[in-house]
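Here are some exercises to work through with the model open beside you. Try each task before you read its solution.

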Amino acid sequence: MTSKNTSKSTAENTSEKVAPLLQIVDLHVSVEDKEILKGVNLTINAGEIHAIMGRNGSGKSTLSYALMGHPRYKVTSGKMLYKGQEVGEMSPDQRAKLGMALAFQYPVAIPGVSVSNFLRKTVNAVRGRDIPVKEFRLELKALMAKLGVKDEFLSRYVNDGFSGGEKKRLEILQLSMLKPLLAILDETDSGLDIDALKTVSEGINVMAQADTAVLLITHYQRMLNYVQPQFVHVFQDGKIVASGGKELALELEDRGYEWVTQESVDESASAQAKANSSSAAATPVGAK
Amino acid sequence: MAESKLANTIAKERVADLAQRNGEPTWLKDARLAAWEIYLQSPMPTARDDDWRKTEIDNIDLSTFITTDPLTNKAAKAPTMELVQSAIEKLGEPAGIFVDDYSVSQSQFSSVNTDLAKQGVIFMPLIEAIEKHPELVKKIFEQGTASSDDDKFTLMNKALFNSGLLLYVPKNVVIEAPFVSAVNLPVGKTNHAVFPRVFVATEANSQVTLVSIFSDASDNTDVNGTTLSNSIFEITVGAGAKVTVMTVDKLSKQVFAVNRVRTHLHRDGVLNLTTAGLGGKQIKSVIETVMVEQGASSDIRGVVLGDGSEHYSYNTIQKHTCPDTTSNINFRVALKDTSSSVYQGIVVVDKIAQRTAAFQSNKNLLLGTEARADSIPRLEILADDVKCSHGATVGPVDKEQLFYLNCRGLNLKEAEELIVRGFFVQILDGIEIKGAADWVGDLVAEKIYK
Ligand SMILES: Nc1ncnc2c1ncn2[C@@H]1O[C@H](COP(=O)(O)OP(=O)(O)O)[C@@H](O)[C@H]1O
Ligand SMILES: [Mg+2]
């Protein structure tokens with residue numbers, strides 16, 4: 001009996017080691033009884049950078065909310081496995097503590113709560129320990145300098161009266177402090193001027209180099225000039241309809257989203273095969 | 001403590017007796033008796049009266065209350081009160097301290113910075129001021145003579161006031177440090193009634209700050225007796241003067257507080273008043289600001305946090321009686337458990353009060369699923385060239401704010417606490433008393449996290 005138990009737990013440990021960081025299997029999500037996600041499949045391994053591109057309204061934000069557990073977004077079927085563990089029943093804060101983080105497309109203002117107080121509270125919560133004030137300050141100041149966030153930011157109320165660009169910088173500053181294993185960036189590029197885009201991209205690259213896997217959601221190609229994804233997925237009507245390497249993004253830029261559905265199953269499928277040797281990424285175009 | 005019941009029939013002797021024992025001048029004894037006469041005619045308010053909406057006033061049988069006598073026992077140093085300690089820690093060395101401690105030491109204490117006393121600043125128990133500065137007190141009293149406009153509780157205080165203080169600031173005297181006054185109310189097995197009366201009178205171009213604390217020593221376990229705290233604050237802001245006041249009611253479930261705050265602002269006078277309702281069985285406050293001369297401006301904020309079955313009722317009256325004045329009211333209420341509140345705000349702009357700017361905002365956060373808040377604004381604007389706005393919100397904590405904080409690792413409770421604290425911090429940040437935002441912020445947090 002005893003030896004059997006031991007061997008079983010060893011087997012589990014091994015399987016955890018090889019489990020992808022994130023595995024989404026045939027995910028269906030509804031909002032107010034309306035189905036938005038209609039069978040998403042996506043696998044992300046530790047440290048990889050994936051981009052999801054798709055038109056407005058195709059369901060990209062729904063995917064990011066569902067991954068974090070927004071109470072209004074109901075998973076009706078399918079799986080969301082994080083390090084092999086189903087997270088669908090977990091609260092958002094439990095997911096955050098496991099290393100998942102979302103940079104919001106529309107960050108929420110919390111009036112009366114200063115950025116510094118907020119950062120301290122949330123970073124302590126996610127890291128599960130109270131970081132000494134000095135150590136925290138040092139780390140924060142260094143990141144702020146890198147991300148071009150001014151000191152006076154700290155005493156302002158979280159996202160209250162912030163410009164679009166300021167909000168996005170703060171999102172990246174937060175994620176850089178939280179050091180998640182999986183960073184979901186929902187249109188972090190929108191609302192940024194070119195200089196801000198460069199600094200923010202730099203911040204994302206630093207995270208990625210420190211082995212954070214990145215899921216970059218965007219509907220423009222331009223950020224991909226600064227953050228180089230290994231995998232690009234095209235999102236349409238609640239699912240991934242094409243996957244490939246970063247050249248897929250350029251193709252999209254040239255030919256528009258219509259092209260994906262209309263043509264070239266082979267082209268895209270071969271791009272996928274070339275780019276995606278390790279990761280069993282998404283369903284290739286037309287595979288369904 | 002000499003005792004006397006609050007019944008109508010014996011009260012007349014009681015009134016005369018009070019005046020007699022305090023050695024009060026005839027005019028004051030007459031004023032007390034005049035107030036008592038009108039009191040007798042005046043109907044007892046009920047929860048059906050507009051002004052007393054939803055306040056359980058009907059259950060109060062005044063004849064069961066024992067009125068307390070003024071404290072005659074002088075303490076050599078300020079009696080220990082937790083709230084006074086924490087206030088002084090955050091606000092710094094006060095310009096004067098006043099404590100009426102009915103609850104523990106049964107003694108009274110008051111002191112004022114000697115330099116200020118030399119400049120003519122008065123900060124002492126009202127009863128003592130009547131004796132030492134009869135002419136000045138008479139002049140100040142004349143502004144508040146009893147009238148049939150007064151409600152029953154106001155008249156009751158005017159007849160029976162037995163504690164409270166006078167803060168008087170002469171012309172051009174500018175005082176940075178705050179005065180701190182505190183009443184530790186009597187609580188116990190029987191019903192007590194205390195009638196504090198506070199005057200803040202400021203002359204032209206002076207500047208002063210008063211922090212007033214009402215609390216009691218009940219641990220909420222001995223709930224046999226109810227204490228009625230019926231107070232009047234009369235604040236006069238002199239021409240070009242600046243008066244900053246903060247009142248904190250942090251009472252146990254044994255105390256029913258009725259407060260009336262009346263302020264008069266003269267030419268270019270500035271008032272910054274914050275009231276914090278942080279506990280009590282029921283707290284009923286009527287706050288009236290009257291802009292009597294041009295250029296006056298008042299800024300009033302309310303911070304109310306209820307829990308258990310507490311009930312809060314606030315009436316604010318912004319009265320503009322002359323042109324070119326400004327008033328601003330910002331009331332925030334958060335309610336846990338089954339606590340409830342009613343906010344009624346009236347803006348009155350007289351016909352001649354052109355170019356008035358009057359703003360009113362009342363936001364209510366319902367934290368308990370059975371908590372309830374009512375917000376009732378009213379505008380009576382007769383002038384045509386005015387800027388007025390009012391707005392009210394009632395609802396639970398915003399779900400998107402909660403989700404955002406959840407995504408950052410805070411659980412629902414932690415997220416809600418942070419949001420509620422922020423809700424109040426926005427208001428507290430506007431208090432113009434150094435350290436006060438911190439102090440009240442901590443008191444609020446203590447109750448949020450309880
Ligand atoms: N909270 C919501 N309530 C109702 N409909 C929603 C909600 N969120 C998203 N939707 C709908 O779901 C679809 C996908 O939206 P979204 O995920 O925001 O797309 P994207 O991020 O790709 O622009 C849209 O049709 C949108 O109207
Ligand atoms: Mg979106």
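**Exercise 1: the interface**

Chain B and chain A together bury about 2,000 Å², where buried area is the accessible area (1.4 Å probe) that two parts lose on being put together, summed over both; 67% of it lies on carbon and sulfur atoms. This is a predicted model, in which local features need pLDDT of at least 70 and side-chain atom pairs count only at pLDDT 80 or more, while totals for chains, interfaces and linings use all residues. Residues are numbered from 1 along each chain as its sequence is written, chains are lettered from A and ligands numbered from 1 in the order in which they are written, and side-chain values use heavy atoms, leaving out hydrogens and water.

Task: which three residues supply 38% of the area that chain B buries against chain A?

Solution. Start with B:Phe403, B:Tyr404 and B:Arg408, which supply more than any other three residues. Next, follow B:Arg408 across to A:Glu171: their side chains form a salt bridge at 2.8 Å, N to O (a side-chain nitrogen of Lys or Arg within 4 Å of a carboxyl oxygen of Asp or Glu). The rule finds 1 salt bridge across this interface.

**Exercise 2: the magnesium ion**

Task: find the protein donors of the magnesium ion (ligand 2).

Solution. First, look for N, O and S atoms within 2.8 Å of the metal (3.2 Å for Na, K and Ca); water is not among the atoms, so sites may look incomplete. This gives A:Ser61 (OG) and A:Gln105 (OE1), lying 2.1 Å from the ion.
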